[in-house]
Amino acid sequence: MRYLPHTSEDIDLMLQAVEADHLDDLFSTIPDDCLSKDDLALPEALTEWELDSHMAALSDAMAVSPDYKIFMGAGSYEHYIPASVSYLLGRSEFVTSYTPYQPEVSQGTLQAIYEYQTLAARLLGMEVATASHYDGATALAESLLMAVRISKKRKVAVSSLIHPFYRKVVRTYFEPTGYEVIELPYLKNGFTDLAGLDELNDLAAVAVQSPNFFGCIENLKKIGEKIHNKDALFITCFTEALSYGLLKNPGSQDADIVCGEGQSLGIPRSFGGPALGMLAGRKKHMRSLPGRLVGKTKDLDGKRGFVLTLATREQHIRREKATSNICTNNSLCALAAAIYMASVGGTGIKKLAQLNHDKAEYLKQELKKAGFTISFESPTFNEFVVEFPAGFDSVYDCLLNKKIVAGLPLAEYYPELVNHYLLCVTETMSKNDMDSFVSEVKS
Amino acid sequence: MKENVGATGLILNEPLLWEKGRKGRCGFSLPRRDVESFPIDNELAGEGPDFPDLSEVDVVRHYTRLSQWNFGVDTGMYPLGSCTMKYSPKTNEKQAGLSGFTGAHPLLPSDLSQGTLRMMFELEQYLAEITGMDAVTLQPAAGAHGELTGMLTIHAYHKNRGAQRSKILVPDTAHGTNPATATLCNYRSIQVKSNEQGILSTESVADVMDEETAGIMLTNPNTLGLFEDNTKEIAEIIHSKGGLVYCDGANLNAVMGIVKMGEIGVDVMHLNLHKTFSTPHGGGGPGSGPVCVKKHLEPFLPVPRIVEEKGNYSLSDNYPESIGKVQAFHGNVGVMIKAYSYIRSMGPKDLKMASRLAVLNANYIKESLKGTLHLAYDRPCMHECVFSDDKQKDDHVTTLDMAKRLMDYGFHPPTVYFPLVVHGAIMVEPTETESKEDIDKFIEAFKSIADEAKEAPDLLHNAPGKCKVRRLDEVSAARKPCLTG
Amino acid sequence: MKEISELNLPEDLRYTEDHEWARLEEDKVRVGLDDYAQDQLGDIVFVELPQAGDTFKKGEVFATVESVKAVSECYMPVGGKIVSVNNDLEESPELVNKSPYGDGWFVVINPSDPSEMDTLMTNEACLEKLKGTE
């Protein structure tokens, strides 16, 4: 086996050194009734070349663009990824290193994460950002738990226009804690309905997503005022990080904690993971943040360097009193996002975000012209909901056969929204693609 | 002493991203605009993030230089105990990069996702076979996340039986994640002391186990690199009081094909695909932490589950007792592909061989260095061995000093100051992918460092001297944190 | 780390087994961390203090002290209400290392039962105890 370097001579010499006769003797201290009697029932080893064809066959059994035209986002977005991003990300010094516990031999990872934290904080308009989390959903759950810790209150409210899967993850995390999770309904215009807040007291935090699951851009400033009046922390969440290239960032609208998914920033969709949980906050809450943080410092000669810092919040030191059980971040995904943000740049990201908005707007207008109803009138970024005529599900299936995915049917997540579909258009969709989509759904 | 691997090469300085660039540059090929512009309401529009503008060359040089300041498994031996820094095969990266996998949208109808679903279904089966468990979820994103998922299933199990419990047993050798996870599940951790041989005795467990206790969180092999000989008896004690046995499978690399945890009383365990199954650590993630359970815990696993019928794979949410979701989608699929490729490339025989050689390498280091370093527990070890700085005390040299000096010799240091039960611990896990020659060089390096500790201790106090930076001021970093620039 | 003979444990203070010190100042009690504790912890990077007005019983956790790689909890030497806290520690936690009995104090307590002071150790008892554990 090419990954196992030992020759039989090596093995003999090493066995002699440890005073054993046979490899099995190494396990002689394990009680006999603990040893497994049978060989592993696994498929026999493949050569590298057999593996290539086996995996190619699996990969070929997947529907992906450009073969398929996929008008579906809903938390997973198709964006162009420059070759330079993938190439740099493959540098094995980044790929094959561990969490940077020994800073002198990990300055590459550490500076890169420090830069990621900075770019993430700038994108979201916040003072500090963590080194990253598993995904947007877990970042939201951790943010809500953080708010409970800060406020010492036991109740949180979340908008029902937060991604349905994110809300499920929050429920899973909160189930054993005994803290209460309340869902806020939505209005006819596609915004979160905050009227119920008046009735609620003792709230640790309220979380709202923008652009929300229907693609609508919430009025965060106004929402924030209302939440702060309730003396609760204002958490904003997002699934499409690119939107802040165009929209006002949550920090400028008084969010206390901002969290969400950074997959759009140079990370392939990969069936939903690995992804990039982003989490940012205010300086005053810095010591309550969950997860890893990198800080700037100096070495013995006064040279700039970087270290993991504020580690006393974490499980390996504080154990049962830690701010989270997280052991690590999604470092390589944070690196991908940093390289992507650096490549697109401040000027580029505005243009790219505008283009996403404009293409989605174009499809929206064309669908309107074709007589379909746009379900919610509020402004959107690169996703919106359209209502197709009753019985559209059979058209949907026909379109699948023509390699077109006509968005996400919403009825499964919002039973009242039968025949409503969540559509997404990014920079990867051409005018031609959209025109033929409209003519297909019309016919 | 032969020539060291460590030497000072040409290390280039590199400023921070925003100290570079010129306004108006762009390292991205902006897609063609083929639609008119629809201006957005002024109320909604922001100024755009304050990112630097860089060319593609600026970006490529920046990150290439940064990468050169890092030490990875591909650079050299990385014997971090408990982390299993084995070689990450390159073909795995290639497979995970296939466009059918990378481009897949997680919400497409199952019929359009058969390749990935089949890969995941088979991987679940392989992991069940390796651990001797009945069912597997691949959703957790990392080891600690798997641990949380596993403990949530235990929590759901007790709740479902109508009798929630308040405590959980955690050995004193445990990873810090264990008590932290227990807290998240609202269980109070009760510490169980390991005995003079470094393992748990049945008595110490029997003394504290009661019907208010949800179970035990075992790490086996434990963090001292020792097999928990009494697992079966401990499981009987726990089960007799209605509790469950959780196994932290971080150290599975020692026992593939040798011990199946499902056969010795474990009810639920997590694995780290980024340790045992060779997927790269990526400077701290993404990992993947599948959870394997016995039949009685299967109803509680996260949804959706992958179901197979006549060679067709689909996703099902139809598990009413499920704990729900622990990630938005299906877990770190990109990582699973690499682990799948690894298992397919190794096959059953070489997986077992990997464990045997990992254990051989660790015992070889233990025997070779025990005259040089104090050995905490002098008995056969599994995949790692734990020394301490006790013999260097009189030289006023600490574990940290020796660890830093190893860098100058061209090695990544072992895990230091963990497990906490060994004062000044030095935990060495070579893994099976290190050859005898490389291990011999490591042993030789450690021996000459021990000599230096006697003859020229300042060499150690001032180490490292050949890295990008010297020792860093962690105190100021924590007193006046600067987390963004 | 300091040898026991190098430790400074002033005579006019009382000590707990966890190495908090308490000084009676008229009817109030000033509290901090003793020389042994600050030395064991090493460079202190953060002190989390309660707010004035909070009330704790003797033995309850009222503060945490962090070094780079350790966290310690501090326990009330005597029960009572916190009347003032040392806000300088927020910006300069190193005061605990530099001046454990002076500028590095933690809180001032209005004791609910001043006789609890008598349950604490004298400097000599504290030293004896340290020698015993050596």
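Helix α9 (residues 333-369) of chain B gives the largest share of the chain B side, 27 residues; helices (H or I, at least four residues) and strands (E, at least two) are DSSP runs, numbered from the N terminus. Sorted by type, the chain B side has 97 nonpolar, 55 polar and 43 charged residues. For that sorting, Ala, Val, Leu, Ile, Met, Phe, Trp, Tyr, Cys and Pro count as nonpolar, Asp, Glu, Lys and Arg as charged, and the others, Gly among them, as polar.

This is a predicted model, where local features need pLDDT of at least 70 and side-chain atom pairs count only at pLDDT 80 or more, while totals for chains, interfaces and linings use all residues; side-chain values use heavy atoms, with hydrogens and water left out. Residues are numbered from 1 along each chain as its sequence is written, and chains are lettered from A and ligands numbered from 1 in the order in which they are written.

How many residues does each chain bring to the contact between chain B and chain A? Chain B brings 195 and chain A brings 181, contact meaning heavy atoms within 4.5 Å. Together they bury about 16600 Å², with 65% of it on carbon and sulfur atoms. Buried area is the accessible area (1.4 Å probe) that two parts lose on being put together, summed over both. There are also 11 salt bridges across this interface, a salt bridge being a side-chain nitrogen of Lys or Arg within 4 Å of a carboxyl oxygen of Asp or Glu. B:Glu19 pairs with A:Arg304 in a salt bridge, with 2.9 Å between the closest N and O atoms.

## Where chain A meets chain C

Over at chain C, the contact takes 5 residues from chain A and 9 from chain C. About 600 Å² is buried between the two chains, 50% of it on carbon and sulfur atoms. A:Arg287, A:Thr312 and A:Arg318 supply 67% of what chain A buries there, more than any other three residues.

The count of salt bridges between chain A and chain C is 1: C:Glu66 with A:Arg287, closest N and O atoms 3.9 Å apart. The chain A side that touches chain C splits into 1 nonpolar, 1 polar and 3 charged residues.

## Salt bridges within the chains

Over all chains, the structure has 54 salt bridges. In chain A, A:Lys153 joins A:Asp231 at 3.9 Å between the closest N and O atoms. The two sit in loops, A:Lys153 between α6 (136-151) and β3 (155-159) and A:Asp231 between α8 (220-229) and β6 (233-238), 78 residues apart. A:Lys153 is buried at 16% relative accessible area, whereas A:Asp231 is exposed at 59%; buried means under 20%, exposed over 50%, and partly exposed in between (1.4 Å probe, protein chains only).

In chain B, B:Asp401 bridges to B:Arg471, with the closest N and O atoms 3.0 Å apart. B:Asp401 lies in helix α10 (residues 399-408) and B:Arg471 in the loop between α12 (457-461) and α13 (474-479), so the pair ties together parts 70 residues apart in sequence. Both B:Asp401 and B:Arg471 are buried. Elsewhere in chain B, a network of salt bridges links B:Lys366, B:Glu367, B:Lys370 and B:Asp378.
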